[in-house]
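Student: Could you help me learn how to read a disulfide and a pair of chain copies in a model?

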Number of protein chains: 2
Amino acid sequence: MGRINLAALAFALAATSLAAQDRKPEPVTPASVIAASLPSEWTAIEPSDLLVMDLAPDARGKPRRVIIQLSPPPFSKGWVGNVRTLAKARWWDGTSVYRVVDNWVTQWGDGDHDTKKARPLPSGIAKVPEADYTAPLPCKVYLFQKKVIKEQCDPVVTPLDGIDPYVIKGQAGFAAGWPVAFALEGSGNRIWPAHCYGTVGVARDPSPDTGTGAELYAVIGQAPRQLDRNVAVVGRVIEGIENLSALPRGKGPQGVYDDPSLRVPIVSVRLASELPAAQQPRFEYLAGDSQTFADYVHVKANRNDAFYKAPAGGIDVCNVQVPIRRASAN
Amino acid sequence: MGRINLAALAFALAATSLAAQDRKPEPVTPASVIAASLPSEWTAIEPSDLLVMDLAPDARGKPRRVIIQLSPPPFSKGWVGNVRTLAKARWWDGTSVYRVVDNWVTQWGDGDHDTKKARPLPSGIAKVPEADYTAPLPCKVYLFQKKVIKEQCDPVVTPLDGIDPYVIKGQAGFAAGWPVAFALEGSGNRIWPAHCYGTVGVARDPSPDTGTGAELYAVIGQAPRQLDRNVAVVGRVIEGIENLSALPRGKGPQGVYDDPSLRVPIVSVRLASELPAAQQPRFEYLAGDSQTFADYVHVKANRNDAFYKAPAGGIDVCNVQVPIRRASAN
C-alpha cells in the first residue's frame, strides 16, 4: 500500500484527520504515524532521478503513465548510467511492454532484441561486471530498536530488527529510502538493493551476462529475493504500477506475448529533468533515519488498531514499503 | 511461478526432458527436481475441496475461470463450512468482483453487502470465533534439513529452516501442502495458514467480527503476513489467478470500483464435486513429507543454475510455492 498506493494512503490520511475531531483517541496506524510526520523528515527526489514512461492510452482512451525512481549511488551505478543514456537517446520511444508473468514480472524494451530486427543501442553503453550487483557497505551497522541511530556516512543504513531468511548471515534494512540487504562477504561488508514489489531490474541472458539496461522489468508479485545479487536493480515504480501489473498475462514461452498485437506501445521514456519545469513530477520519501520512519516500521510490525486482533511482532523488509508521496512544486 | 503458473512450469519441464538427451548434465533447477518426482509423492485434491468460479467472459469473449482449493482441516473449519453452504446455495451466482487494490487484494461477493440492497445469506451460516484463526499444532516439530522427517500425525508438519520475521518466537513451514506458521501461544503450540500470494481469505468488519465467508478476497501482491491470525484463510487460487490479478484497480475508497459498471459479474460458483464427473477438474500437490519436496525447497533456496551467480542461501515460506499440477482423471 504505502508507497505504491498513494490514493489509498491519501484516503486513509483524510479519514484520520476527520476522526481526530471525535472524542475517542484514534488507534495508532501507519497512516496516522505518517500524518504526524514533520516536513523536515521528508527528502525530495530530484527530477533527474525520475524516469517518466508514457504507454499508449488504454482501450478506453485513458492515459497510462508509469513513474520510476532510479536507484541512488552506490547502487548499480553502471547500469543506472546506461538507463540515463538510453532515455536521453529516446531509445525506448516506439518500443513496447512485451512480457507479463503473473506473480513475477512485467518486462519492456525491444521485443525483438533477440532477433535480426533488434534495435541498435546508442553509443556510450557501458558493460558492467557482476561484482557491481553489490556495493561496499559504507556504514557500521546498528540494530534498529524503535530509536534512531545516525551514522556519519552516506547513505545512512537503518537495519530492520529481525532475521532476513534470504541473508542468513546478514541483515535487511533501509538505505537512502530503499530496502536493502547486507552481509559480510569475503573480506568486507557488502550491501545491495532488495528485490521487492515494484522493483525495476535489468533483464539479461545467463551469467556472466549482466544486461545493459535496455530491457527492464518491474516486479509484480511476491518479492523474488533470489534475484538479489544476481540481477542489477536500477529503480522502483513509484506511481502507475497498475499500468504494468494489471496487463493481460503473456501466454508464449516465459510469458512473452505470443501475439505481437498484445504488446503495449511505449510512446516515450524521459528523465523528468528533460521535461518542461512545470511538467516535472515532484516526489519525496520519508527518510530512513527519521523518528517517524522508526515509528512507522514499529507500528507496521505491530498492528493493533481496530482491524487487528494479533499483532505480528515482525515484518519483512519488502512489506515495510517506504512512504513516498507527491510533493508540491517549489 | 510453480503453483500459480502451471503453463510456465510445463514449458520448463518440456525443455528439461529435451535437454536430457544432450551430453552435458543439466544444472539442477526447481523444474528438474519436480520432473524427477515419483507419482507416489503427489497427493490428489478431492473435487469436493475445489471451488470453481466462472466470471463473465472478458471484453474479447474469452472465458474466465478461477479454481480455488479450500483449506483442509484443522484450518478455518467453520468458515470453510460456510463457504460450502454458500456454494451449494448458489449464493454467489449473480454477485461480482467489486474491489481490486494493487499489491493487496481482489475481493468478490455482494458488492452491496453494506447497503439496504444486501443479499440475504442462506440458512446454516455459522458464526465463528476469533480463536479459530489458529488451530492446535498437532505434531512435534523437527527441523527441516534436506531430509524427510515423518511424524505420526495428520497433517504432517514440515518446518522451513530459517527464521520467519512474522513469528519471532516461532517458525514457518508446510502442512498438508499448505504454507503455515506456528508458535507457542499461551499454554500450547498453535498453527495457522500463512497469507501468501493467491491466498483466499474472509473479508470482515473490525474485530471482533470474523466474517461469514460470503465476502472473499484473494491476495494479489506481497504476502500480507500481518493478516495471519487476524483473518480466516479459507483457500488458495490454484488456477486462473490472472482473472483476478490483472483486473483494473478500483479508484473508489479502499479500492472499491466507484463505477458499478466496472464490477465483473460472477456467473457461478460451484464445488467441483457438484459438476458432472467428466467436468470435474483434477489436481494434485507435491506432499510436504516427500523427498522431492525437501529437494525442491533446498534447490529453490540455493539457485545455482545458469542464470544465477549468488545462491540466496534462504527462502521465505511464501516464495516456496508448493507445486500443484493438473492430474489426469481416474
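**A buried cysteine and its partner**

Tutor: Cys196(A) has a relative accessible area of 2%, so this residue is buried (under 20% is buried, over 50% exposed and anything in between partly exposed, with a 1.4 Å probe and protein chains only). This is a predicted model, where local features need pLDDT of at least 70 and side-chain atom pairs count only at pLDDT 80 or more, while totals for chains, interfaces and linings use all residues. Residues are numbered from 1 along each chain as its sequence is written, chains are lettered from A and ligands numbered from 1 in the order in which they are written, and side-chain values use heavy atoms, leaving out hydrogens and water.

Student: Which residue forms a disulfide with Cys196(A)?

Tutor: In general, a disulfide is a covalent bond between the sulfur atoms of two cysteines. Here the partner is Cys318(A), with the two sulfur atoms 2.0 Å apart, inside the cut-off for a disulfide, which is a pair of cysteine sulfur atoms within 2.5 Å. The torsion about the S-S bond of Cys196(A) and Cys318(A) is about -75 degrees, so the disulfide is left-handed. Cys318(A) is buried as well, at 5% relative accessibility.

Student: How many disulfides does the structure hold over all chains?

Tutor: There are two over all chains, and in chain B the bond joins Cys196(B) and Cys318(B).

Student: What rotation superposes chain B on chain A?

Tutor: Two copies of a chain are related by a rotation about an axis and a shift along it. For chain B on chain A the rotation is 180 degrees, with a shift of 0.0 Å and an RMSD of 0.0 Å (least squares on the C-alpha atoms of residues with pLDDT of at least 70 in both). That is the relation of a two-fold axis.
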